[in-house]
Amino acid sequence: MKSNNHQQQQQVLDGSDIVELVENEKVFDKFVEQKFQQLDQDEDGKLSVTELQPAVADIGAALGLPAQGTSPDSDHIYSEVLNEFTHGSQEKVSKTEFKEVLSDILLGMAAGLKRDPIVILRMDGEDLSEFVHGPGYEIELVSVFSELSSCKDASLRDCIVKALQSLSVDHGMPPSNDPWVMSNIVEPIVDSCLDEEDKREKSASQEKFLEAFKRVVERVAQRLNEQPVIVAHSENTFDGSGVRRLLSNKFEFDKALNVALETIPKDRHGKVSKEYIRAVLDTVAPSASLPPIGAVSQMDNMIMEALKMVNGDDGNMVKEEEFKKTMAEILGSIMLQLEGNPISVSSNSVVHEPLTSATFLPPTLNETEEPST
């Protein structure tokens with residue numbers, strides 16, 4: 001991200017607050033008590049599967065997963081999170097069990113934030129105003145206009161809306177493809193800055209486009225000055241280095257696999273079904289600096305390719321050692337793919353709740369992926 005004289009007011013979420021919360025036994029006990037009471041609707045001192053669902057949904061959202069029911073891969077992760085609480089069979093979870101699992105999950109999330117911090121930006125329009133009145137503004141917008149080939153057949157209004165999506169948080173612009181930003185900032189301001197004839201005009205000249213766009217952006221900057229918008233921003237690059245570190249340390253790799261395999265059912269001969277490869281891979285992912293399955297589409301495609309190479313989807317029963325060997329081959333394939341073709345993901349999400357409020361988890365992010373390779 002750029003470094004301006006004025007950079008937007010920032011708060012960095014690096015997981016340290018979560019660690020501090022969990023390690024302070026008195027404070028964490030109070031935190032758990034409060035959350036447990038909120039979830040325990042029938043006040044019987046235990047949490048049913050139904051009562052745990054809001055907690056599972058919050059955890060999935062904080063991991064950047066789509067909502068339950070929208071993706072088989074992410075639904076599998078939601079199921080695994082629930083199994084962490086219920087150990088796969090319990091119908092009710094005690095407060096002690098809830099505390100233990102919540103502690104493990106929060107510390108895991110803290111480790112993820114330490115690797116890939118989230119920056120909270122308070123966007124007040126000043127950076128956007130500096131950009132629009134700066135020396136590089138017109139050159140950049142001429143380039144944007146030339147790339148909007150579809151604008152030859154689109155209305156001036158639609159071209160301006162599309163051009164706004166080329167402005168990033170580095171320009172001081174909240175993500176305009178966020179539904180809230182689109183409906184509360186972009187569309188009302190564009191409509192207020194153009195008359196009816198201009199809105200419908202097609203094949204607008206570059207000069208007219210630049211003039212109208214500048215008017216819109218100045219009004220957006222004014223709106224942000226009157227009512228700042230808080231945006232959670234993160235940038236992650238998956239280049240395979242975390243996978244290489246894990247595979248090169250046999251002790252850590254075996255430890256990560258053994259922990260993952262503890263929850264996987266085995267037959268009477270100690271064999272494991274390859275249908276659980278995805279579940280084990282998802283458990284090992286944090287140790288390999290990989291995102292959860294379902295969080296980054298490009299990564300999911302790489303995993304599918306790796307599974308095909310080792311027949312990982314055939315569902316055969318194999319000995320535990322063979323299962324581990326297959327996992328190593330899959331991770332090795334992912335590592336090589338990432339080393340040759342790293343995946344970068346930029347995530348931006350509007351935060352509507354006060355940052356100081358006591359939420360169940362760190363700020364929930366509905367990630368808008370902007371991957372590049």
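Analyst: A residue counts as buried when its relative accessible area is under 20% and as exposed when that area is over 50%, with partly exposed in between. This model is a predicted one, and by that cut-off Phe28 is buried, because its relative accessible area is 3%.

User: Which residue forms an aromatic pair with Phe28, and is that pair stacked or edge-to-face?

Analyst: Two rings pair if their centres lie within 6.5 Å, and planes under 30 degrees apart count as stacked, whereas planes over 60 degrees apart count as edge-to-face. The structure holds 6 aromatic pairs. One of them joins Phe28 to Phe31, with 6.1 Å from centre to centre and 20° between the planes, and this pair is stacked. Both residues belong to helix α2, where they are 3 residues apart, about one turn of the helix, and Phe31 is likewise buried, since its relative accessible area is 11%.

A second case is the pair of Phe131 and Tyr137, whose ring centres are 5.4 Å apart and whose planes stand at 75°, so this pair is edge-to-face. Phe131 has 12% relative accessibility and therefore counts as buried, and Tyr137, at 5%, counts as buried too.

User: Which residues do ring pairs link into a cluster?

Analyst: The cluster consists of Phe36, Phe85 and Phe98, which are linked by ring pairs.

User: How should I read the packing of helix α8 and helix α11, and what is the angle between them?

Analyst: Two packed helices are described by the angle between their axes and the distance between the axes. Here α8 (residues 156-164) and α11 (residues 206-226) pack at an angle of about 60°, with 10 Å between their axes; the two helices are therefore oblique to each other, and their crossing is right-handed. On the α8 side the contact is made by Leu156, Cys159, Ile160, Ala163 and Leu164, while α11 contributes Lys208, Phe209, Ala212, Phe213, Val216 and Val217. By class, the residues of this contact divide into 10 nonpolar, no polar and 1 charged.

User: Which residue other than glycine has a positive phi?

Analyst: Most residues other than glycine have a negative phi. Glu43, however, has a positive phi, near 55°, and its place is in the loop between α2 (25-39) and β2 (46-48). Because its relative accessibility is 70%, Glu43 counts as exposed. Ser289 also has a positive phi, of about 55°, although it is not a glycine, and this serine is found in the loop between α14 (277-284) and α15 (297-309). Ser289 counts as partly exposed, because its relative accessibility is 23%.

Terms used
Residues numbered from 1 in each chain as written. Predicted model: local features only at pLDDT ≥ 70, side-chain atom pairs only at ≥ 80, totals over all residues. Heavy atoms only, no water. Helix = DSSP H or I, 4+ residues; strand = E, 2+ residues; numbered from the N terminus. Buried < 20%, exposed > 50% of the residue type's maximum accessible area, 1.4 Å probe, protein only. Axes fitted to C-alpha atoms, helices over the stretch in contact; angles between N-to-C directions. Parallel < 35°, antiparallel > 145°, perpendicular 65-115°, else oblique. Left-handed = near helix turned anticlockwise from the far one by under 90°. Contact = heavy atoms within 4.5 Å. Nonpolar A, V, L, I, M, F, W, Y, C, P; charged D, E, K, R; others polar.
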